[in-house]
Amino acid sequence: MYPRSFEYVAAASLDEALSALADNPGAKVMTGGMSLIPLMKLRLFSPSLVVDIGRVPGLDAIDDSGDQLAIGALVRHAATASSDAVKSGAAALAQAAALTGDVQVRNRGTTCGAIAHADIAADQTAAVLALGATMVAKSTSGEREIAAADFFVDTLTSALEPDEILVEVRVPKTGAGSGSAYGKLGRRGGQSDYAVAGAAAVVTMDGGNVAAASVALTGVGTKPTLAAGVAEALVGTDGSAEAVAGAAGRATEGVTVLEDLYGSEEYKSHLAQVYAARAINAAIAAAT
Ligand SMILES: Cc1cc2nc3c(=O)[nH]c(=O)nc-3n(C[C@H](O)[C@H](O)[C@H](O)COP(=O)(O)OP(=O)(O)OC[C@H]3O[C@@H](n4cnc5c(N)ncnc54)[C@H](O)[C@@H]3O)c2cc1C
């Protein structure tokens, strides 16, 4: 199907893009176009104007400031996946980026685009949620920061206003004694496809016990969700396989699990527990 007709502007600067968004309430930003274009062709999105920021300079860097990583709006999935700084400081995000789509998608799509798009089955959304990232949004009115826990509102709906651009995501680096990991079951049985269910975990070990934990799920509900019950059950344990399995049993506590083409509520609940346990075990291994 063809999209409805629309205007197009290739912004040369961030200011030009922000002005175009402010002047056109029906406009949409485009970074990689990997999700926007298919949804326009399906006529699920029909923006009056597409503001392409793909040529805006200065948005394609991963900056390591010591205790956090800043991933710019035009950093592709492939760059996030292969960055040594991300692999060592935010492994769950690098792993989620590596498992996002196929090689073409990873070379065009962006980490910030996947986060802004807020698909219920996206990979990097769960990773930034578990890692406690902060989203930096800009508009002609200024800049604001949004905690990952407040960013994902509903299916394909984030806390971004229509005139805002997600200019970077700031990810706190896991320090000594901490580790993170991400894993999923992909829709066609493989890894490189949207998640039927997936989980990201961040764990800090201290003196042989779990001192802090954060676990986030994707694919099972209407948005990526923190599995607070799992983290609560895990902290204070020795992180043994039994302790992890017991904690992961609480994965879908408080989550409205959605049945869809890829699995029943029961199957998805089971997968959420399995992938939560796997991510936690991998994060503990990385921490120790
Ligand atoms: C065949 C295929 C397989 C895929 N498989 C997976 C998968 O396994 N896992 C997965 O997670 N994803 C998957 N995706 C989606 C892919 O990750 C997209 O790259 C991503 O969802 C959107 O990134 P983008 O940069 O292409 O954004 P675009 O398509 O350009 O934009 C998507 C949406 O986000 C908004 N947006 C984008 N960037 C910004 C910004 N900086 N600020 C504000 N709003 C913004 C746009 O306005 C639009 O609404 C797949 C896509 C395809 C086509």
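**Close-up 1. I165 in strand β10 of the predicted model.** I165 is buried, with 24 other C-beta atoms within 10 Å; a residue counts as buried if 20 or more other C-beta atoms, placed from the backbone, lie within 10 Å of its own, as exposed if 12 or fewer, and as partly exposed in between. The residue lies in strand β10 (residues 165-172). Strands (E, at least two residues) and helices (H or I, at least four) are DSSP runs, numbered from the N terminus. Not counting residues up to four places away in sequence, I165 touches A17, L18, V29, I53, A73, A137 and K138; two residues are in contact if their C-beta atoms, placed from the backbone, lie within 7 Å. The C-alpha atoms of I165 and A147 are separated by 15 Å, and the two residues are 18 apart along the chain. Residues are numbered from 1 along each chain as its sequence is written. This is a predicted model, in which local features need pLDDT of at least 70 and side-chain atom pairs count only at pLDDT 80 or more, while totals for chains, interfaces and linings use all residues.

**Close-up 2. Packing of helices α5 and α8.** Helix α5 (residues 91-98) and helix α8 (residues 124-131) have axes 8 Å apart and pack at an angle of about 175°. Axes are lines fitted to C-alpha atoms, for helices over the stretch in contact, and angles run from 0 to 180 degrees between N-to-C directions. α5 and α8 are therefore roughly antiparallel to each other, a term used for angles over 145 degrees. On α5 the contact is made by A92, L93, A96 and A97, and on α8 by Q124, A126, A127, V128, A130 and L131. By class, the residues of this contact are nine nonpolar, one polar and no charged; Ala, Val, Leu, Ile, Met, Phe, Trp, Tyr, Cys and Pro count as nonpolar, Asp, Glu, Lys and Arg as charged, and the others, Gly among them, as polar. Seven of the eight residues of α5 are buried, namely A91, A92, L93, A94, Q95, A96 and A97.

**Close-up 3. H77 in helix α3.** H77 is found in helix α3 (residues 77-82). With 27 other C-beta atoms within 10 Å, H77 is buried. Leaving aside neighbours within four places in sequence, H77 is in contact with A97, T100, V105, R106, G109, T110 and T111. H77 and A126 are 15 Å apart in space, C-alpha to C-alpha, and 49 residues apart in sequence.

**Close-up 4. The largest nonpolar core.** The largest nonpolar core has 99 residues, and those with the most contacts inside it are A92, A201, V215, A276, A279 and I280. Such a core is a set of buried Ala, Val, Leu, Ile, Met, Phe, Trp, Tyr and Cys residues joined through C-beta atoms within 7 Å. Helix α12 (residues 265-287) gives the most to this core, with 11 residues. A279 is in contact with A181, Y182, G183, A199, A200, A201 and V215, leaving aside its neighbours within four places in sequence.

**Close-up 5. M1 before strand β1.** M1 is placed in the segment before β1 (7-10). M1 counts as exposed, with 7 C-beta neighbours inside 10 Å. Not counting residues up to four places away in sequence, M1 touches K41, L42 and R43.

Technical notes. Parallel < 35°, antiparallel > 145°, perpendicular 65-115°, else oblique.
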